[in-house]
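Biologist: I am new to this model and would like to learn how to read it. Please show it to me, and then we can go through its features in turn.

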Amino acid sequence: MPKSNLPRAVVVLGPTATNKTKLAIAIAKKFNGEIINADAFQVYRELNIGVNKPTVKEMQEAKFHLIDCVSIYDKWNIKCFQDTAKKAIEQVIDNKHIPIIVGGSHLYIDTLIYNYDLTEVPERNEEFSDWDNQKLFDKLSSYDPALANNIGVNNQKRLVRALQIVTKSKKLTEKKAPIYDVLLICCTNERKQLYEQINARVEVMLESGWMDEVKKLLNKDKEIIKLNALKAIGYEEIIHALINNHTVDVDAIKQNSRHYAKRQLTWIKHHYTNPTYYDQTNETEIMKVITTWLQ
């Protein structure tokens, strides 16, 4: 049962490769919902296969927001996401539909449901750019260990950016009272099976033309590797392989994807209490939970 008179929203989160989109579409079809994408990279028009964007068929099954809404060359950050997503959610609620926020970028989700104050987020600058990864990771961990773990010690650009924000505004990870009455649904899977599914999905994406997608982008612009949008897992490995004319390191992409899933699980463990779990087999039970929650 809803605990307040706040607007209601379903949140479908979880590690990569746990069928979040599939479940979100099923919920949207059954409960007259619209999907708000909360994946940091599916917003980009030029990125498709490597970010596991919903297929054309899936996009026809439910209404999606924040898919293909910006170019890789556009200014886009967590504040842009928050502002755009909040407007989309308000539109969905005004239409008497249920917003379904879905994605694996859990910090993005938190900026919505806990209404983080990002008004003082500074512009990107050179501060911390000369620090090594471990020093960046340790410093960020002193502010928010879960956030540092979610980013990972190897992602220098995101570590630098997170430090710039938390040291200036100190509000990035400051939770406020929720602005929606939220039902949290966490998609999960047994760890061994999850890793096998991640490995298999990387193979499928490569077989589906991921290399060709990146090659076309690289042919248009040799400097795309400098863009923040191309920091999505796997793109750097493919770009380096194409530039240097060598075989792409598929095992590295798989490993980085598994590490990302592990960081996502850590974030969920430390940031959410008592979510409803979707274990890939209990969709009927999930629908009953939502029905009860909406009554």
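Modeller: Helix H9 crosses helix H10 in a right-handed way. A crossing is right-handed if the near helix is turned clockwise from the far one by less than a right angle, and left-handed if anticlockwise. This is a predicted model, in which local features need pLDDT of at least 70 and side-chain atom pairs count only at pLDDT 80 or more, while totals for chains, interfaces and linings use all residues. Residues are numbered from 1 along each chain as its sequence is written, and side-chain values use heavy atoms, with hydrogens and water left out.

Biologist: At what angle do the axes of H9 and H10 cross?

Modeller: Axes are lines fitted to C-alpha atoms, for helices over the stretch in contact, and angles run from 0 to 180 degrees between N-to-C directions. H9 (residues 210-220) and H10 (residues 235-244) cross at roughly 70 degrees, and their axes come within 10 Å. The two helices are therefore roughly perpendicular to each other. The classes are roughly parallel under 35 degrees, roughly antiparallel over 145, roughly perpendicular from 65 to 115, and oblique for the rest.

Biologist: Which residues of H9 and H10 meet?

Modeller: Contact means heavy atoms within 4.5 Å. On the H9 side are Trp210, Met211, Glu213, Val214, Lys215 and Leu218, and they meet Tyr235, Ile238, Ile239, Leu242 and Ile243 of H10. This contact of H9 with H10 has nine nonpolar, no polar and two charged residues. Ala, Val, Leu, Ile, Met, Phe, Trp, Tyr, Cys and Pro count as nonpolar, Asp, Glu, Lys and Arg as charged, and the others, Gly among them, as polar.

Biologist: How do H8 and H11 lie to each other?

Modeller: H8 (residues 191-207) and H11 (residues 250-271) have axes that come within 10 Å and cross at roughly 135 degrees. H8 and H11 are therefore oblique to each other. The crossing of H8 with H11 is right-handed. Among the residues that meet are Leu194, Ile198 and Val202 in H8 and Ile253, Ser257 and Ala261 in H11. By class, this contact of H8 with H11 has nine nonpolar, two polar and five charged residues.

Biologist: In what order do the strands of the sheet run?

Modeller: Strands of a sheet pair through backbone hydrogen bonds, either parallel or antiparallel. Here the sheet is open, with six strands in the order E3-E2-E4-E1-E5-E6 and parallel pairing; two strands pair if DSSP finds at least two bridges between them. The edge strands are E3 (64-65) and E6 (276-278), each pairing on one side only. E2 (residues 33-37) is joined to E3 by two bridges, and Ile36 has His65 in E3 as its bridge partner.

Biologist: Which strands does H1 touch?

Modeller: H1 packs on the sheet and touches E1 (8-13), E2, E3, E4 (98-102), E5 (181-187) and E6, and its direction makes about 180 degrees with that of E4. H3 (residues 78-94) lies across E2, E3 and E4 and runs at about 180 degrees to E2.

Biologist: How many helices and strands does the protein chain have?

Modeller: The protein chain has twelve helices and six strands. Helices (H or I, at least four residues) and strands (E, at least two) are DSSP runs, numbered from the N terminus. The C-alpha atoms fill a box of roughly 60 × 45 × 35 Å, taken along the principal axes.
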